[in-house]
Amino acid sequence: MGPLASRLRPRDLSEFAGQKHLLGEGKVLRQMIERDMVSSMIFWGPPGVGKTTLARIIAGKTKAEFINFSAVTSGIKEIKDVMSAAERMSIMGDKTILFIDEIHRFNKAQQDAFLPYVEKGSITLIGATTENPSFEVNSALLSRCRVFVLNALGQEDLLELLKQAIADPRAFEGAKIDITDEMLNVVAGFSNGDARIALSTLEMLVLNGESKTLKSHTKIKITPQLLEQCISKKSLLYDKGGEEHYNIISALHKSMRNSDVDASIYWLSRMLEAGETPLYVARRVVRFASEDIGMADSRALQIAVAAYQACHFIGMPECAVHLAHAVTYMALAPKSNALYIAYGEAAKDAQSMLAEPVPLHIRNAPTKLLNDLGYGKGYIYAHDTKDKLTAMQCLPDSLKDRKYYIPTEQGQEVRVKERMEQIEAWKKKHLGESK
């Protein structure tokens, strides 16, 4: 009996979890599969999101021979042998789907070996990769494949998957599993979007659960203590979709805003040690960099984005130090919410004045008719002026005196304020020159 993930491998699209953007009713990949119009393609996505499973479902649906090929163990000779066999089957009218796991591990020569067979249509190639195919797959091969991006499974997808597993008679030979939804949520959160980890964790819990044989069935009880042991982190009872999740991200945000470095690092570690996805935290830090610091220190945004990138290609636990670096920088940086307020005020006006016309002199005039109608008339190209400034009005008449961005005197924003005052003074002095 193989692992639970293998025993419960979905047999058709109705059993497949997640990827609704590709496989929902009427979506492109679902239509290709249902109409048997599958072409060579590459699935790009993190581990445990169903790349191999989806390829198997496609092979079953299109009644094709399914050949599973590993880029780790196969050389050019094996590739050519398989290709020759597929070509013979193609002549007989039989389809072959060649699934290549970790296609990014093939070198250029190995990838080139597939090319003529993909071009002739002897095989339908489905490659799976966790790396960006633009960088890792030959351009000649990539141009003949359609790339589909598979996302990490969401909390709800994983919860549904775990509930289906408990109800499926293939899973635990008919045993009744006594586990709460709260515990299943913890397992889903711990799995970080990976179905294989979710099912393996569930299987570990069931194998170690308190078993009781009754007349009609076996009952297996999962206790909180067992869950804690299997996951090895007490704090994982923090629920990524629940109230405590929002409380702790709020605590991090407010600690950084309050320039409290120690509290910021503590709340960061509370989230990461509880299994929070580092990219979620990194996205929040990127937002903070412009919402709470902005022009007071524009370098904050660069550091936040760099930390996000570090999390993306290094992952946990190594990327924890990059997030600590970013969070510390945010906490120590001068604070300004002037950009946040500016956009909010502008958005209110934009929503209430959707039909406000663009002033004629700053409209685009791509045709003679529009030019004759006055589009672009009176426009002054700032680069042609001595001071690289003009006194042109760029806001609609009804908003011409509106001020959205009011810089503070924090950090670098004091220099921004001086620059804005200089521009304002210049425009007042030269008002009328653009008319």
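How many nonpolar, polar and charged residues make up the lining of the second largest pocket, by class? The lining has 15 nonpolar, 4 polar and 11 charged residues, where Ala, Val, Leu, Ile, Met, Phe, Trp, Tyr, Cys and Pro count as nonpolar, Asp, Glu, Lys and Arg as charged, and the others, Gly among them, as polar.

This is a predicted model, in which local features need pLDDT of at least 70 and side-chain atom pairs count only at pLDDT 80 or more, while totals for chains, interfaces and linings use all residues. Residues are numbered from 1 along each chain as its sequence is written, and side-chain values use heavy atoms, with hydrogens and water left out.

**Pockets**

A pocket is here an open set of points on a 1 Å grid over the protein atoms alone, where a 1.4 Å probe fits and protein lies on both sides within 12 Å along at least five of seven lines; lining residues have an atom within 4 Å of a point. Grid points are joined across faces, edges and corners, and a volume is the space filled by probe spheres set on the points. The two pockets are set side by side below.

| Largest | about 1400 Å³ | 47 residues | P46, A152, N192, T277 and L279 |

The elements that give two or more residues to the lining of the largest pocket are helix 7 (133–136), helix 9 (155–167), helix 11 (181–190), helix 15 (261–273), helix 16 (278–293) and helix 17 (299–314), helices (H or I, at least four residues) and strands (E, at least two) being DSSP runs numbered from the N terminus. Helix 17 supplies the largest share of that lining, with 5 residues. By class, the lining of the largest pocket divides into 23 nonpolar, 16 polar and 8 charged residues.

Five strands form an open sheet with parallel pairing in the order 2-3-4-1-5, two strands being paired if DSSP finds at least two bridges between them. Strand 2 (65–70) and strand 5 (146–149) stand at the edges with a single partner strand each, so one side of each is left without a neighbour in the sheet. From one strand to the next the twist averages 20 degrees. Strand 1 (residues 41–44) runs parallel to strand 5 and is joined to it by 4 bridges, and M41 has R146 in strand 5 as its bridge partner. Helix 5 (residues 76–91) lies across strand 2 and strand 3 (96–101), and it runs at about 170 degrees to strand 2; axes are lines fitted to C-alpha atoms, for helices over the stretch in contact, and angles run from 0 to 180 degrees between N-to-C directions.

A second open sheet has 3 strands in the order 6-8-7, and its pairing is mixed. Its edge strands are strand 6 (176–178) and strand 7 (210–213), each of which pairs on one side only. Strand 6 runs parallel to strand 8 (residues 218–221), the two being joined by 3 bridges, and D178 stands opposite K221 in strand 8. Strand 7 and strand 8, by contrast, pair in the antiparallel sense over 4 bridges; K212 has K219 in strand 8 as its bridge partner, and a hairpin of 4 residues joins strand 7 to strand 8.

Helix 11 and helix 13 (residues 224–231) pack at an angle of about 5 degrees, with their axes 11 Å apart. The two helices are therefore roughly parallel to each other, a description that applies to angles under 35 degrees. M183, V186, V187 and F190 in helix 11 meet P224, L227 and I231 in helix 13, contact meaning heavy atoms within 4.5 Å. By class, this contact of helix 11 with helix 13 has 7 nonpolar, no polar and no charged residues.

I166 is found in helix 9. The C-alpha atoms of I166 and K176 are separated by 7.7 Å, the two residues being 10 residues apart along the chain. Not counting residues up to four places away in sequence, I166 touches I177, I179, L184 and L202.

How values were computed
Parallel < 35°, antiparallel > 145°, perpendicular 65-115°, else oblique.
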